[in-house]
Amino acid sequence: MTLGAFLSLTGEKYSDDPLAQLTARCFRLRPQVKPVAKSAKKPAAAPFSAKGGAVKKTAKNPLIEKRSRNFSIGQDIQPKRDLSRFVKWPQYVRLQRQKAILKQRLKVPPAINQFTKTLDKNTATQLFKVLNKYRPETKQEKKGRLTTAAESVAAGNKVDQGKKPVVVKYGINHITALVEAKKAQLVVIAHDVDPIEIVIWLPALCRKMGVPYCIVKSKSRLGTVVHKKTATALALTEVKPEDKHDLATVVSAIKASYNDKYEDHRKTWGGGIMGQKSNNATKKKEDRAAREICV
């Protein structure tokens, strides 16, 4: 059947234009699809967040303009940052930090490691309370005392020297002589003496002579007791009757921590504390070795 006969049967007008014929054929042969009616139901509203409640928008003040900062070159001032990591520190700072790290990494002999075991804070506070009661006279006080005595002698009067003052003894040679003579009742040693050879033998001498000793922080704190910048060690030879009970309490605590534990301190090595990188590398090697054993 020709296209003209087909169109005559369907009631369509026939055309000689090929494009019109092709269009008519396509429309007639395409299946008709009925449009789907849209439902009148609306989708359910989204539930609120788990925190509860809808987010309330705060009203913005139209008089305040938002000005975002631009931190590119030549623009806004950069915010303050911690740049201590990038600072080139002085040589003495670098050396003391490297020394502290080396003391952690290297094996430290017991004779040196005992100086890391300092007196606890409460006992040290009680100790310095006693020591501060027996501080020696300052240079100004000594000058005033000698001037007064000289004026008294010049006037023809007899000077009464009085009793020998009870004060804290300092100076490593003086303290050594007192310990050897067993006159010292208590010896206090600084933990940060440099070089350490100055006091490294003093704990052993105190133990041999039966003199109570302790190691405290720090040489500058000991120096303030005797009006000096630093002091390696201090010693008490005697105290007033009203302070004997306080001294006995401190000495008993010190003996329990140092004299009685001398053998333990003599066998305890220090150091050997590695860094994070070294610990990670060691752990990897151990894990690899464990896997090889399992296989």
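Me: In β5, which residue is the bridge partner of K169?
Reply: The bridge partner of K169 in β5 is A235, and Y170 stands opposite L234 in that strand. This is a predicted model, in which local features need pLDDT of at least 70 and side-chain atom pairs count only at pLDDT 80 or more, while totals for chains, interfaces and linings use all residues. Residues are numbered from 1 along each chain as its sequence is written, and side-chain values use heavy atoms, with hydrogens and water left out.

Me: OK, and in what sense do β2 and β5 pair?
Reply: Strand β2 (residues 169–170) pairs with β5 in the antiparallel sense, over 2 bridges; strands are DSSP runs of E with at least two residues, helices are runs of H or I with at least four, and both are numbered from the N terminus. Pairing here requires that DSSP finds at least two bridges between the strands.

Me: How many bridges join β3 and β5?
Reply: There are 4, again antiparallel, between β3 (residues 186–190) and β5, and I189 stands opposite A233 of β5.

Me: So what's the strand order of the whole sheet?
Reply: The order is β2-β5-β3-β4, an open sheet of 4 strands with mixed pairing, and β2 and β4 are the edge strands, each pairing on one side only.

Me: At what angle do α7 and α8 pack?
Reply: They pack at about 20°, with their axes 9 Å apart, the axes being lines fitted to C-alpha atoms over the stretch in contact and the angles running from 0 to 180 degrees between N-to-C directions. The two helices are therefore roughly parallel to each other, a label for angles under 35 degrees. The contact is made by I172, T176, V179 and E180 of α7 with L202, L205, C206 and M209 of α8.

Me: What follows α8?
Reply: G210 follows α8, and its phi is positive, near 75°.

Me: Switching topic, is E197 buried or exposed?
Reply: E197, in the loop between β3 and α8, counts as exposed because its relative accessibility is 53%. Its C-alpha atom is separated by 9.1 Å from that of I112, although the two residues are 85 residues apart along the chain.

Me: And N113, buried or exposed?
Reply: N113 counts as buried, since its relative accessibility is 8%, and its place is in helix α4 (residues 110–113). Leaving aside residues up to four places away in sequence, N113 touches V108, T268, W269 and G270.

Key
Buried < 20%, exposed > 50% of the residue type's maximum accessible area, 1.4 Å probe, protein only. Contact = heavy atoms within 4.5 Å. Parallel < 35°, antiparallel > 145°, perpendicular 65-115°, else oblique.
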